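Subject: Structure for you to look over

Dear colleague,

I am handing over the structure we spoke about, and I would be glad if you could look through it with the notes below at hand.

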Amino acid sequence: QVQLVESGGGLEQPGGSVRLSCVASADRNFTIFAMGWWRQAPGKGREAVATDSWGPRNLWYADSVKGRFTIFRDNAKNTSYLQMNSLRPDDTAIYYCATSRIALLPAGLLAEPNYVDYWGQGTQVTVSS
């Protein structure tokens with residue numbers, strides 16, 4: 001069993017920055033490989049934003065956030081971070097942390113909903129002046 005707890009959301013100005021955190025806790029025999037961030041804007045479906053997995057450059061980003069968002073991880077703390085820069089109003093959404101039970105899952109596959117096994121409760125990010 002895995003639990004994911006996000007934090008760091010809030011009301012941000014356009015052009016501003018915010019960092020989201022996701023702390024993962026798992027059973028002793030479970031190793032978390034791929035972790036990622038999804039979001040759901042009002043009236044829209046949930047979409048993948050950024051994912052990463054073990055291995056060099058094993059990253060995936062949605063086109064809409066490339067160059068603005070960065071995903072990184074502190075493995076010692078089982079924590080994933082999403083650094084969000086140059087925020088835009090259309091970044092407004094509930095942001096969810098996600099992971100899979102599949103070992104060594106490539107980052108790109110965690111951007112597919114069928115591969116997500118665990119979700120966090122979500123944290124709201126609102127970008128508005």
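What follows is a summary of what was found, going from the whole chain to single residues.

Please keep in mind throughout that this is a predicted model. Taken along the principal axes, the C-alpha atoms fill a box of roughly 45 × 30 × 25 Å.

Among the contacts with a separation of 6 or more, 60% are between residues 24 or more positions apart. Of the 129 residues, 46% are buried, while the accessible surface of the chain amounts to about 6700 Å², with 48% of it belonging to carbon and sulfur atoms. As for charge, there are 12 positive and 11 negative charges, and their mean positions lie 3 Å apart.

Turning to the interior, the general expectation is that in soluble globular proteins nonpolar side chains tend to be buried together. The largest nonpolar core here has 26 residues, and those with the most contacts inside it are Leu4, Trp37, Phe69, Leu82, Met84 and Tyr95. At least two residues of this core come from each of β1 (2-7), β3 (18-26), β4 (35-40), β5 (46-52), β7 (69-74), β8 (79-84), β9 (93-99) and β11 (123-127), and β3 gives the most, with 4 residues. There is also a second, separate core of 8 residues, which includes Ala34, Trp38, Ala48 and Leu105.

Ala93 counts as buried because its relative accessible area is 1%, against a cut-off of under 20%. Leaving aside its neighbours within four places in sequence, Ala93 is in contact with Arg39, Gln40 and Ala41, and also with Thr123, Gln124 and Val125. The C-alpha atom of Ala93 is separated by 9.4 Å from that of Arg46, a residue 47 places away along the chain.

Arg57, in the loop between β5 and β6 (59-61), is not a glycine and yet has a positive phi, near 55 degrees; with a relative accessibility of 83%, Arg57 counts as exposed. Leu104, which is placed in the loop between β9 and β10 (118-119), likewise has a positive phi of about 55 degrees although it is not a glycine, and Leu104 is exposed, with a relative accessible area of 59%.

Finally, which side of the exposure cut-off does Lys77 fall on, buried or exposed? Lys77 sits in the loop between β7 and β8, and it counts as exposed because its relative accessibility is 54%, the limit being over 50%. Lys77 and Asn114, which are 37 residues apart in sequence, stand 27 Å apart in space from C-alpha to C-alpha.

With best wishes

Conventions. Residues are numbered from 1 along each chain as its sequence is written. This is a predicted model: local features need pLDDT of at least 70, side-chain atom pairs count only at pLDDT 80 or more; totals for chains, interfaces and linings use all residues. Side-chain values use heavy atoms; hydrogens and water are left out. Buried means under 20% relative accessible area, exposed over 50%, partly exposed in between (1.4 Å probe, protein chains only). Contact means heavy atoms within 4.5 Å. Accessible areas come from the Shrake-Rupley method with a 1.4 Å probe; for residues, only the protein chains shown count as cover. Lys and Arg count as positive and Asp and Glu as negative; His and the chain ends are not counted. The place of a charge is taken as NZ of Lys, CZ of Arg, CG of Asp or CD of Glu. A nonpolar core is a set of buried Ala, Val, Leu, Ile, Met, Phe, Trp, Tyr and Cys residues joined through side-chain atoms within 4.5 Å.
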